[in-house]
Amino acid sequence: MLRIIETRDYNDMSRKAANIISAQIILKNDSVIGLATGSTPLGIYATLIHWCKKGDLDFSKVKTVNLDEYCGLPKEHAQSYYYFMQENLFKHINIDPGNTYIPNGMNLNRKEECEKYHKMIEQTGGIDLQLLGIGNNGHIGFNEPDDQFANYTHCVELTQSTIEANSRFFDSKEMVPKQAYTMGIGEIMSAKQILIVASGKGKAKVIKEMIEGPVSPKLPASILKFHHNVTLIADQEALSLLDQEYLK
Ligand code: PGA
């Protein structure tokens, strides 16, 4: 079942999403939380940091598994997702670094890295809550539009659209890695609960397609409609093209 929660703006979206993550951790203090990178979750992470610093939220038993990582970027590279997570969340909260998992972009043995990551997800006992952003092309994690859904963690060729969207963080488009490790759709869909967030006019078209269009690997996020517990939290701008029927 897909629930849609409309928020006034980005801050409202961030607070509401942070509230759901926080409730999950309060209800189950050793939750396994799937995390995402990108611009959209930044406000959520800032809110979680604030609550943790106030003493309202305890990450000491929480485990996190990230969706993806660029191939070939070392951990200390400012655009690696490892670095992103340290800077924007982990170093500010009381999480045990040994309980945070991100694919190792520097392991060039693709098969080994993918199998290792898949096994690790299984060994956590399963993801309780998976946070997702959505790419302009409908990707979730780095599951790009394709002819089929990939089940498990795999190495993907990034599409031109993703390379262009992410080039804003690099000195030039040429510097954006061309490949990434990503959790597969099957692993994402195995999460007990999914929270997908979107903000701004730039996401309005893809949100409309995801909700109103068919389930298709050409728009990977559309598969979420088959999940039994998914919540889309999006601001008015991101929902501006959606048929109002869906917001009743
Ligand atoms: P964004 O990225 O949050 O920076 O828009 C979303 C994504 O590509 O999944």
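Residues are numbered from 1 along each chain as its sequence is written, and side-chain values use heavy atoms, without hydrogens or water. In this predicted model local features need pLDDT of at least 70 and side-chain atom pairs pLDDT 80 or more, while totals for chains, interfaces and linings use all residues.

Q: Which residues are around the ligand?
A: A residue is near a molecule if one of its heavy atoms lies within 4 Å of it. By class, this shell has 1 nonpolar, 6 polar and 2 charged residues, with Gly counted as polar and Asp, Glu, Lys and Arg as charged. The shell is Gly38, Ser39, Thr40, Gly133, Ile134, Gly135, His139, Arg168 and Lys203.

Q: How many Å lie between a polar side-chain atom of Thr40 and an oxygen atom of the ligand?
A: A polar contact is a pair of N or O atoms within 3.5 Å. For Arg168 the distance to a ligand oxygen is 3.0 Å, and for a side-chain N or O atom of Lys203 it is 2.5 Å. For Thr40 the value is 2.4 Å.

Q: What share of the ligand's exposed area does the protein bury?
A: Accessible areas come from the Shrake-Rupley method with a 1.4 Å probe. Alone, the ligand exposes 280 Å². The protein buries 82% of that.

Q: Where does the ligand sit?
A: A pocket is an open set of points on a 1 Å grid over the protein atoms alone, where a 1.4 Å probe fits, with protein on both sides within 12 Å along at least five of seven lines. A molecule sits in one if more than half of its atoms lie within 2 Å of its grid points. The ligand takes the space of the largest pocket.

Q: Which element gives the largest share of the lining of the largest pocket?
A: This pocket has a volume of about 620 Å³, the space filled by probe spheres set on the points. Its 36 lining residues (an atom within 4 Å of a point) include Thr37, Asn166 and Arg168, among the closest to its centre. β4 (68-70), α3 (81-88) and α5 (160-166) each give two or more residues. The largest share, 5 residues, comes from α3.

Q: Which element gives the largest share of the lining of the second largest pocket?
A: About 360 Å³ of space lies here. Among the 21 lining residues, Lys75, Tyr82, Thr100, Tyr101 and Ile102 are closest to the centre. By class, the lining has 12 nonpolar, 5 polar and 4 charged residues. The largest share, 4 residues, comes from α4.

Key:
Polar contact = N/O pair within 3.5 Å; in protein donor to acceptor, adjacent residues only side chain to side chain.
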